[in-house]
Amino acid sequence: MKKDLRVKAQRTGTDYAIRSIPFLSCLSDRENAEFKGFIVEKQVKKNQPILHEEDTSNYLYFIFSGKVKVIQLSANGKEKLLAIHKKGDFFGEMAILDGGTAPATVIALENTWIALISRDAFHRHLLNNNKVLREIIAMLCGRLRDAWSMIKVMTFADAEHRVRAVLKHMAQQFGVPDSEGTLIDMKLTHSDIGNFASLTRETVTRMIKRLEKSKEIEITPRKFILLKPAFHKNTDLL
């Protein structure tokens, strides 16, 4: 009896997780049931690599829960943070679509539940679905806009503008309304911000302290960053 309940709960959880992926939520009940037969679910521990740069990936990855970071490593081993993906996002699409190698390394930022679908199953069961194709195109356009936003960060000559631009970008992705402003709903370290903005951790720390002193941001007890109305007012033109 207990085993049956666990299996039922797992199936229900998988159904809910699939529905949380924007371009899978448009599947009919029949298509959803069929699709489940082609996915492989996997639990990934915090800091565990999922996909390595230059791997030839044969899978598309969906995030059912948790967060991952996308990085590139320089010749001297310095990490460049390119993106952070959360529940409902996917990655590995470039290799799936064009058969090339992965352009970056993907690492779990926290314990993460992912699902994988093979390149063959993706092409046979998703690319033939016009509703899914429209959703995929919309999400890829969103990715392109995010990339443009991060490229824009690098156009600012001074460190403060770069830090402001990164915080604004992260608020757009992970921000939740708060009575005192917008809360970036994840732990964003000074090193993370520096990797995004190509600044040293020490420089980011100085900028964060300056923004705290001017009461534009606040660091919560959980070490999340709260962007106050004054921050938005001074950053809206970026």
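Visitor: In which helix is the place of W148?
Guide: W148 belongs to helix α5, which covers residues 130-153. Please bear in mind throughout that this is a predicted model.

Visitor: Why is W148 called exposed?
Guide: The relative accessible area of W148 is 52%, and exposed means over 50%. W148 is therefore classed as exposed.

Visitor: Which residues make the nonpolar surface patch?
Guide: L144, W148 and I151 make this patch, with an area of about 340 Å².

Visitor: What else is found in helix α5, and how do you know whether R134 is buried or exposed?
Guide: R134 lies in helix α5 as well. Its relative accessibility is 54%, and the cut-off for exposed is over 50%, so R134 counts as exposed. The C-alpha atom of R134 is 8.0 Å from that of F23, although the two residues are 111 positions apart along the chain.

Visitor: What makes the pair of E31 and K131 a salt bridge?
Guide: The closest N and O atoms of E31 and K131 are 3.9 Å apart. A salt bridge requires a side-chain nitrogen of Lys or Arg within 4 Å of a carboxyl oxygen of Asp or Glu, and the E31 and K131 pair qualifies. E31 lies in helix α2 and K131 in helix α5, so the bridge ties together parts that are 100 residues apart in sequence.

Visitor: Why is K131 called partly exposed?
Guide: K131 has a relative accessibility of 36%. Buried means under 20% and exposed over 50%, with partly exposed in between, so K131 counts as partly exposed.

Visitor: How many salt bridges does this rule give?
Guide: The count comes to 10 salt bridges. One of them joins R210 to E160, with the closest N and O atoms 3.0 Å apart. R210 is in helix α8 (residues 201-213) and E160 in helix α6 (residues 159-174), so this pair ties together parts that are 50 residues apart in sequence. R210 is partly exposed because its relative accessibility is 45%.

Visitor: What is the salt-bridge distance for E202 and R201, and how accessible are the two residues?
Guide: Their side chains meet at 3.2 Å, N to O, and the limit is 4 Å. E202 has a relative accessible area of 45% and is therefore partly exposed, while R201, at 44%, also counts as partly exposed.

Visitor: What makes F35 and F62 an aromatic pair, and why is it called edge-to-face?
Guide: By the rule for aromatic rings the count comes to 3 pairs. In the pair of F35 and F62, the ring centres are 6.1 Å apart and the planes stand at 80° to each other. F35 is in helix α2 (residues 29-36) and F62 in strand β3 (residues 59-65), 27 residues apart.

Visitor: How do you know whether F35 and F62 are buried or exposed?
Guide: Buried means under 20% relative accessible area. F35 is at 4% and therefore counts as buried; F62, at 1%, is buried too.

Visitor: What is the geometry of the pair formed by F64 and W113?
Guide: F64 and W113 are also edge-to-face, at 4.8 Å centre to centre and 80° between the planes. F64 lies in strand β3 and W113 in strand β8 (residues 112-118), so the pair ties together parts that are 49 residues apart in sequence. Both residues are buried.

Visitor: Where is K46, and why is it called exposed?
Guide: K46 is in the loop between β1 (39-44) and β2 (49-51). Its relative accessible area is 51%, which passes the cut-off of over 50%, so K46 is exposed. K46 forms a positive surface patch together with K187, R222 and K223.

Visitor: What sets S198 and K215 apart in their backbone?
Guide: S198 has a positive phi of about 55° although it is not a glycine, and K215 has one of about 60°, again without being a glycine. S198 is in the loop between α7 (190-197) and α8, and K215 is in the loop between α8 and β11 (217-219). At 41% relative accessibility S198 counts as partly exposed, whereas K215, at 61%, counts as exposed.

Definitions and conventions:
Residues numbered from 1 in each chain as written. Predicted model: local features only at pLDDT ≥ 70, side-chain atom pairs only at ≥ 80, totals over all residues. Heavy atoms only, no water. Patch = residues over 30% accessible without salt bridge, like charges linked within 9 Å, V, L, I, M, F, W, Y side chains within 5 Å. Areas by Shrake-Rupley, 256 points an atom, 1.4 Å probe, with all protein chains shown as cover. Lys, Arg positive; Asp, Glu negative; His and termini not counted. Charge placed at Lys NZ, Arg CZ, Asp CG, Glu CD. Helix = DSSP H or I, 4+ residues; strand = E, 2+ residues; numbered from the N terminus. Buried < 20%, exposed > 50% of the residue type's maximum accessible area, 1.4 Å probe, protein only. Phe/Tyr/Trp six-rings, centres within 6.5 Å; stacked < 30°, edge-to-face > 60°.
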